[in-house]
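Here are a few notes to read alongside the model. I have kept them to numbered points so that you can check each one by eye.

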Amino acid sequence: MKYKVNELILLHQMFFELFLMKIQPMKKSLCLALLSSFSLFSQTSDEDILKQLYKSVLTESQSYYWLDDLSNTIGSRLSGSEGAEKAVKYTKQKMESLGLDKVFLQEVMVPKWVRGEKEVAYLQVGNKKISFPICALGMSVPTQKKGLTANVIEVKSIDELKQLGEENVRGKIVFFNRPMNPEHIETFHAYGGCVDQRSSGAREAGKLGAIGVIVRSMNLRLDDLPHTGSTNYGDVLDSQKIPAAAISTNGAELLSKLLKENPNSKLYFKQSCQVFPDVLSYNVVGEITGSEHPERIMIVGGHLDSWDLGDGSQDDGAGCVQSMAVLELFKKINYKPKNTIRVVLFMNEENGVRGGLQYEKESNRKGENHIFALESDAGGFTPRGFSIDCDDANYDKIISWKTLFEPYLIHIFRRSQGHTGVDIGPLQSDKIVKVGLQPDSQRYFDYHHAANDTFDSVNKRELELGAAAMASLMYLFDKYGIN
């Protein structure tokens, strides 16, 4: 015989009241309270839970103040730095204060790269020295102590560089000057269309005998801020590892103009960055153990490390505190998840992804079963939706929840194979749904990897709305499971 949910609740109440007749009066009042609580929870709709989550985050959450501490008290958190070490201790302590079931550190060896003194660059045009704002790219080797000077060859792509060949490149500084394409509404597509010159430009130029690389900053705005980010030498010989620096977008425009007018001018630049042996650091992990399926794990996270020029508020302090806020919100509304829900603050996304790789390694060693992973690593701007990596059945399930998100202006539910988050990328299970929070992206690359990625660039309400969107999707997947 089949019953509707309301009929089952009514039957439950009837049997419970019969039981109450046979127990002591004192215990009777306690049981009535429990029954009332059960009935209320059973009849709470998904709409009501989302309302509670949004109300709580906008009126009670500590997430913005956690970010204030990370940004203004601790500051930049490059892997292997004192700031990263302080951030590990701080976030562990804050998660412990939430009363989670477990909070622990997961060891991970990370690279240590130090920028050194401020970089210098200028173009010698006749008797004039015209200076440019530059910064060393992460993991770059330094120049000689006295710097380096050479003619410059401007290219728009790695393919163009290869077509020039060694005879035209050897002994020169290669200037990669392909801008982000402004035609893309989704700015991450523009970023993806030119970031290879930053990540691979020095490697490819070094193979052809270049002595240095200057790369246009990954930024849609014209300004004077150079944007750093990793360069990757791969397996080239040490003799082919050449110093690489980013130049601001205004600087790139001016350098290109001057080179056209004065093609034989020579560029000087100097940087003193250093690579040290790997050091011990940690992923920071906190969890609420599942009430029905503790063996099924759902994670939410961001990366705790940041670049060293700003304080990493947008990239990715925002994602870290939003992830912590998901568990904070569940505790505040007294939601008991069915599955284990775990916050993971990953170390070393920026220059190695060691935290994500180590987390997956430990997960395999323990035989853990991850069913869901959500990452926030696109800034603390107004949330627009989610990028989703899953099969058709689970995607259809997410689409069925669209109306629940409409009151909160969440409208993007986009399939995105393999592009939901760098840190959750390595994570594998028999069946897993991966999701990335998608905030409005129009301003993100104004701050990405630059000195203006600071706390004052983050809007408190936008940050909190992102945390609520994340908590809402976590709640729905926890309640209904994956297909």
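Helices (H or I, at least four residues) and strands (E, at least two) are DSSP runs, numbered from the N terminus. This is a predicted model, in which local features need pLDDT of at least 70, side-chain atom pairs count only at pLDDT 80 or more, and totals for chains, interfaces and linings use all residues. Residues are numbered from 1 along each chain as its sequence is written, and side-chain values use heavy atoms, with hydrogens and water left out.

1. Confidence. The protein chain has a mean pLDDT (the predictor's confidence in each residue, from 0 to 100) of 92, and 91% of its residues reach 70 or more. Please treat residues 1–43 separately: their pLDDT is below 50, and this stretch has 17 contacts in the model beyond near neighbours in sequence. Contact here means heavy atoms within 4.5 Å.

2. Overall picture. The protein chain comes to 17 helices and 16 strands, and its C-alpha atoms fill a box of roughly 100 × 40 × 40 Å along the principal axes. Of its 483 residues, 55% are buried; buried means under 20% relative accessible area, exposed over 50%, and partly exposed in between (1.4 Å probe, protein chains only). Among contacts with a separation of 6 or more, 83% are between residues 24 or more positions apart.

3. Helix α12. Do look at the cis peptide bond between Asp315 and Asp316, with omega about 5 degrees; Asp316 lies in α12. After the helix comes Asn334, with a positive phi near 65 degrees, placed in the loop between α12 and β12.

4. How α12 meets α4. Helix α4 (residues 63–74) packs against α12 at an angle of about 140 degrees, with the axes 9 Å apart. Axes are lines fitted to C-alpha atoms, for helices over the stretch in contact, and angles run from 0 to 180 degrees between N-to-C directions. That makes α4 oblique to α12, as angles under 35 degrees count as roughly parallel, over 145 as roughly antiparallel, 65 to 115 as roughly perpendicular and the rest as oblique. Residues making the contact include Trp66, Leu67 and Leu70 of α4, and Val321 and Met324 of α12.

5. Helix α13. Residues 354–366 form this helix of 13 residues, which reaches 18 Å from its first C-alpha to its last, close to the 18 Å expected. Its buried residues include Gly355, Tyr359 and Glu362. The buried residues of α13 pack against β1, β10, β11, β12 and β13. Gly367 follows the helix, with a positive phi near 65 degrees.

6. Met139. Which value does phi take at Met139? Phi is near 75 degrees, positive in a residue other than glycine. Met139 is found in the loop between β4 and β5, and counts as buried because its relative accessible area is 17%.

7. Arg414. This residue lies in strand β15 (residues 412–415) and counts as partly exposed at 37% relative accessibility. Leaving aside neighbours within four places in sequence, Arg414 is in contact with Glu186, Phe386, Ser387, Ile388 and Gln438.

Definitions and conventions. Expected span 1.5 Å × (residues − 1).
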